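Please open the model in your viewer and keep the sequence panel beside it.

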Amino acid sequence: MTRWANVIGTGGYLPESIRSNRDLSQMVDTTDEWIYERTGIKNRHIAADHETASSMAEIAARQAIEMANIDPQQIDLIIVATGTPDRVYPSTACLLQQRLGVRNCVGFDIQAACSGSVFGLSIADQYIRTGFAKTVLIVGTEICSRIIDWSDRSTCILFGDGAGAVLLSASEQPGILATHIHSDGGYEDLLYCPNPQAAAAAGQNEAGHIHMRGNEVFKVAVNTLGRIVDETLEANDLQQSDIDWLVPHQANTRIIAATAKKLGMDMEQVILTLENQGNTSSASVLLAFNEGIRDGRILRGHTVLMEAFGAGFTWGSALLKY
Ligand code: COA
């Protein structure tokens, strides 16, 4: 008997403070028009000083628990995807476990940059299929604003803060149908964030900021996401028309539009949060999924294709029946 990973709850959190394109145009040499035309972004949320990856994760996780209507003690695995952890260790998953007061479970972080939530879904699916776990909480949580060089107009316009969560439970009914994940460290120089301590130990003076060759990242992302769509449809014997919703990583409207075109979808079948959230890295797919479910677009029985691409490079897809 196949054990499937079913979605039983979702949650999302965005910090209160909003930074608009107009605000950014006071900080660097840019305009609202340039940013919106090239990226599709108008606003992004910025965490307050007291907020951390784990505090935002807790809010998103509690929403998912409430929607699922379960006792948090049932959670037996917590996976947190983040590139901006509160501490090097303990893991943000352990800090979240403590915040939620969940005792009998195991928690760990994963680092797959913007592909973090799709990688998290893939890992959770394996644990549920093998019977190791029954109820798994996955959270993508990011305070990108703390690793951005706010004087660099080519990167500071793109990113925002937030957390997205999903709760999965073992079931005999189909849930996650398949996941496909990949990485290629050969592209490390196109998109990276140094660890300043490690850099200093190696005699380099590098700040812990996002460095990106945007134009090159853009091209690889479009091609790679096109390939992951083909791979996912072929491996699962699906036609484009079998997919009800595309829930993409929210990096750039033009990248998302290229993926939708590849799927023969119009943009009405794509859950887009980018305009008012920017790129929230590992949180973005789960934030969009949560939005699509809570506003009633994604319904039980719908087939959803999630995809993501990020530093590494890492990329992947998760195909699921909601
Ligand atoms: N405002 C105004 N001009 C800007 C600017 C800004 N915020 N940022 C860059 N520019 C300028 C550049 O300096 C360059 O000027 P030049 O021609 O005088 O040298 C010009 O705009 C074109 O730069 P380019 O980098 O080629 O622009 P682009 O069309 O590729 O758009 C990005 C830049 C970053 C929006 C785009 O490359 C992108 O979205 N890439 C993918 C990034 C991404 O998704 N990363 C995360 C992956 S998970």
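Which of the 23 residues around the ligand come nearest? Select Thr-30, Arg-38, Arg-153, Asn-215 and Asn-252, which come nearest among the 23 residues around the ligand, where a residue is counted if one of its heavy atoms lies within 4 Å of the molecule. This is a predicted model, in which local features need pLDDT of at least 70 and side-chain atom pairs count only at pLDDT 80 or more, while totals for chains, interfaces and linings use all residues. Residues are numbered from 1 along each chain as its sequence is written, and side-chain values use heavy atoms, with hydrogens and water left out.

A polar side-chain atom of Arg-38 lies 2.6 Å from a ligand oxygen, and one of Asn-215 lies 2.9 Å from a ligand oxygen. For Asn-252, the distance from a side-chain N or O atom to an oxygen atom of the ligand is 2.7 Å.

Next, select Asp-29 together with Arg-153. The two form a salt bridge, with their closest N and O atoms 3.7 Å apart; the term requires a side-chain nitrogen of Lys or Arg within 4 Å of a carboxyl oxygen of Asp or Glu. Because Asp-29 sits in the loop between helix H1 (21–25) and H2, and Arg-153 in the loop between S6 and S7, the pair ties together parts that are 124 residues apart in sequence. Helices (H or I, at least four residues) and strands (E, at least two) are DSSP runs, numbered from the N terminus. The whole structure holds 8 salt bridges.

Now colour the protein chain by domain: the assignment, which is automatic or from a database, gives domain 1 (4–173) and domain 2 (177–321). Their contact (heavy atoms within 4.5 Å) takes 54 residues from domain 1 and 44 residues from domain 2. The C-alpha centres of the two domains lie 14 Å apart.

How much area is buried between domain 1 and domain 2? About 3,800 Å² is buried there, with carbon and sulfur atoms giving 61%; this is the accessible area (1.4 Å probe) that two parts lose on being put together, summed over both. Across this interface there are 26 residue pairs in polar contact, both residues at pLDDT 80 or more, whereas the count of salt bridges between the domains is 0.

Technical notes
A polar contact is a pair of N or O atoms within 3.5 Å; within protein, one must be able to donate a hydrogen and the other to accept it, and residues adjacent in sequence count only if both atoms are side-chain atoms.
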